[in-house]
Amino acid sequence: MFTVCTPEQSQSELDYLVMIQKGTFESLGIHCRLIEMPTEELGASAARKMDIEAWMPGRALYGEVSSASNCTDYQSRRLGLRYKTKTGESRFVHTCNGTAIASTRALISLLETFQTERKGLAELPDVISKRMKTLKSAPLRFQISKPLS
């Protein structure tokens, strides 16, 4: 996710991205925590960064599954992205970005959280299972080839 906004809007835009990400994981029923990253952990572009970490029962630890950053005008200065105020002043825009969902780590958390004792199967949360169609796929057929001489 990516937002281009005015400097006055950038904090609320970061909050909005974090809200979307939190809502995604809450709807999946995954236990998460929100961490504001300390300044020494920020990359060059981020003025503020929020990470969402999900509990991974099989690993017995939290892992980052999403993050959002307010990059203020760092990226726009490099790209030359400006806007004009009502008074005609040219100013650099602010940018915010969020990963939404880091698919592999989120998948680990999802499967480990909902794994059952029944042959290691996972009972997926309703929000996912409602959207899935069970289709019987054709059996796999393997072609046997001769070794190269």
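A charge sits over a ring if NZ of Lys or CZ of Arg is within 6 Å of the ring centre and within 35 degrees of the ring normal. Keep that in mind as we walk through this predicted model. Look for Arg 82: its charged end sits over the ring of Phe 92, 4.0 Å from the ring's centre.

Tyr 62 gives us another case, with Arg 33 lying over its face at 3.9 Å from the ring centre. Tyr 62 also has an aromatic partner. Searching the whole structure turns up one aromatic pair, and it is made by Trp 55 and Tyr 62. Their ring centres are 5.1 Å apart and their planes stand at 65° to each other, so the pair is edge-to-face, a label given to planes over 60 degrees apart. Are these two residues buried, exposed or partly exposed? Trp 55 has a relative accessible area of 31% and Tyr 62 one of 24%, so both are partly exposed, lying between the 20% and 50% limits.

Now step back to the sheet. Five strands build an open, antiparallel sheet, and their order is S1-S7-S4-S3-S2. At the edges you will find S1 (2-5) and S2 (32-36), each pairing on one side only. On average, neighbouring strands are turned by 20° against each other, direction ignored.

S1 pairs with S7 (residues 94-98) over four bridges, in the antiparallel sense. Here Cys 5 stands opposite His 94 of S7.

Finally, the helices. Helix H1 (residues 10-28) lies across S1, S2, S3 (48-56), S4 (61-70) and S7, and runs at about 150° to S4. Helix H3 (residues 103-113) packs on the sheet too, touching S3 and S4, with its direction at about 35° to that of S3.

Conventions
Residues are numbered from 1 along each chain as its sequence is written. This is a predicted model: local features need pLDDT of at least 70, side-chain atom pairs count only at pLDDT 80 or more; totals for chains, interfaces and linings use all residues. Side-chain values use heavy atoms; hydrogens and water are left out. Rings of Phe, Tyr and Trp (its six-membered ring) pair if their centres lie within 6.5 Å; planes under 30 degrees apart count as stacked, over 60 as edge-to-face and the rest as tilted. Buried means under 20% relative accessible area, exposed over 50%, partly exposed in between (1.4 Å probe, protein chains only). Two strands pair if DSSP finds at least two bridges between them. Helices (H or I, at least four residues) and strands (E, at least two) are DSSP runs, numbered from the N terminus. Axes are lines fitted to C-alpha atoms, for helices over the stretch in contact, and angles run from 0 to 180 degrees between N-to-C directions. Contact means heavy atoms within 4.5 Å.
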